[in-house]
Amino acid sequence: MGRLKELRKYVNKELNKIEDVDTRTSAIAHLYGVSLAATMIAKRRELDEELAAMAAMLHDLYAYKSGSYDDHAHKGAELARQILNELGLTNEEETDIICSAIYHHDDKLTVDSPMDELLKDADVIHHTMNDSSKPIKEKEQKRYDQIIEEFNFRPLPFAGLNPFNS
């Protein structure tokens with residue numbers, strides 16, 4: 001079994017322990033959504049896609065397990081290290097990369113290592129694009145604007161036109 005698949009299996013078991021259905025559904029959507037975004041960003045930036053997806057799968061697990069977002073990034077990095085060591089999925093360097101990204105992911109206003117930045121951006125993508133009716137958080141606006149520019153998320157000239165009715 002691949003490392004990411006094994007990690008997802010572990011995370012799924014943990015998330016299935018959440019009794020509140022809405023919280024559990026939200027947790028699954030967020031972790032998998034950020035994981036997908038992280039994989040896409042990693043491909044674009046030529047970073048390790050698997051490590052990016054693994055970091056994303058773990059980045060908010062502490063908050064979901066504990067029910068608290070207080071210092072969740074730092075505590076989440078500690079939990080991620082325990083999980084990765086327990087599962088033996090990564091070497092020490094890979095574990096450090098993943099845990100650093102998780103540790104820094106909530107500090108959207110500073111610039112850290114490339115993988116740290118990737119996780120921050122993937123988190124912002126999910127926060128802003130999962131429900132476009134919600135306003136963008138002030139601390140995420142600059143990063144969101146940079147993502148829009150980097151990925152050229154601009155309307156196409158024919159957007160909204162039906163090419164079959166021309």
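Author: Ala, Val, Leu, Ile, Met, Phe, Trp, Tyr, Cys and Pro count as nonpolar, Asp, Glu, Lys and Arg as charged, and the others, Gly among them, as polar. The structure discussed here is a predicted model.

Reader: How do the residues of the lining of the largest pocket divide into nonpolar, polar and charged?
Author: The largest pocket has a volume of about 520 Å³, and of the 25 residues that line it, H30, H126, H127, K134 and K137 are the closest to its centre. The elements that give two or more residues to this lining are α2, α4, α7 and α8. Sorted by the classes set out above, the lining residues come to 6 nonpolar, 10 polar and 9 charged.

Reader: Which element gives the largest share of the lining of the second largest pocket?
Author: The second largest pocket has a volume of about 210 Å³, and V111, E117, D121, R143 and Q146 are the closest to its centre among the 15 residues that line it. The residues of this lining divide into 5 nonpolar, 2 polar and 8 charged. At least two lining residues are supplied by each of α7 and α8, and the largest share, 6 residues, comes from α8.

Reader: Is K120 buried or exposed?
Author: K120 is found in helix α7, which spans residues 114–129. Leaving aside its neighbours within four places in sequence, K120 is in contact with H104, H105, D107, K108, T110, V111, D112 and R143. The cut-off for burial is a relative accessible area under 20%, and because the relative accessible area of K120 is 0%, this residue counts as buried.

Reader: With which residue does the side chain of K120 make a polar contact?
Author: The contacts of K120 beyond four places in sequence include D107 and D112, so a step to atom pairs is needed, a polar contact being a pair of N or O atoms within 3.5 Å. A side-chain pair at 2.6 Å joins K120 to D112.

Reader: Which element supplies the largest share of the largest nonpolar core?
Author: This core has 43 residues, of which L7, V11, L15, M54, L58 and I98 touch the most other members. Two or more residues each are given to this core by α1 (3–15), α2 (21–45), α3 (49–58), α4 (61–66), α5 (72–87), α6 (92–104), α7 and α8 (138–150). The largest share amounts to 8 residues and comes from α3.

Reader: Which residue makes a side-chain polar contact with the side chain of T95?
Author: T95 is found in helix α6, and because its relative accessibility is 2%, T95 counts as buried. Not counting residues up to four places away in sequence, T95 touches R81, L84, N85 and T90; its C-alpha lies 8.1 Å from that of N85, a residue 10 places apart from it in sequence. The side-chain polar contact, at 2.5 Å, is with T90.

Reader: What is the phi of D71?
Author: Most residues other than glycine have a negative phi. D71 is found in the loop between α4 and α5, and because its relative accessible area is 42%, D71 is partly exposed. Although D71 is not a glycine, its phi is positive, at about 50°.

Reader: At what relative accessibility does N152 stand?
Author: N152 is placed in the segment after α8, and its phi, near 55°, is a positive value in a residue other than glycine. The cut-off for an exposed residue is over 50% relative accessible area. N152 counts as exposed because its relative accessibility is 57%.

Methods: Residues are numbered from 1 along each chain as its sequence is written. This is a predicted model: local features need pLDDT of at least 70, side-chain atom pairs count only at pLDDT 80 or more; totals for chains, interfaces and linings use all residues. Side-chain values use heavy atoms; hydrogens and water are left out. Helices (H or I, at least four residues) and strands (E, at least two) are DSSP runs, numbered from the N terminus. Buried means under 20% relative accessible area, exposed over 50%, partly exposed in between (1.4 Å probe, protein chains only). A polar contact is a pair of N or O atoms within 3.5 Å; within protein, one must be able to donate a hydrogen and the other to accept it, and residues adjacent in sequence count only if both atoms are side-chain atoms. Contact means heavy atoms within 4.5 Å. A nonpolar core is a set of buried Ala, Val, Leu, Ile, Met, Phe, Trp, Tyr and Cys residues joined through side-chain atoms within 4.5 Å. On a 1 Å grid over the protein atoms alone, a cavity is a set of points where a 1.4 Å probe fits but cannot get out, and a pocket is an open set with protein on both sides within 12 Å along at least five of seven lines; lining residues have an atom within 4 Å of a point. Grid points are joined across faces, edges and corners, and a volume is the space filled by probe spheres set on the points.
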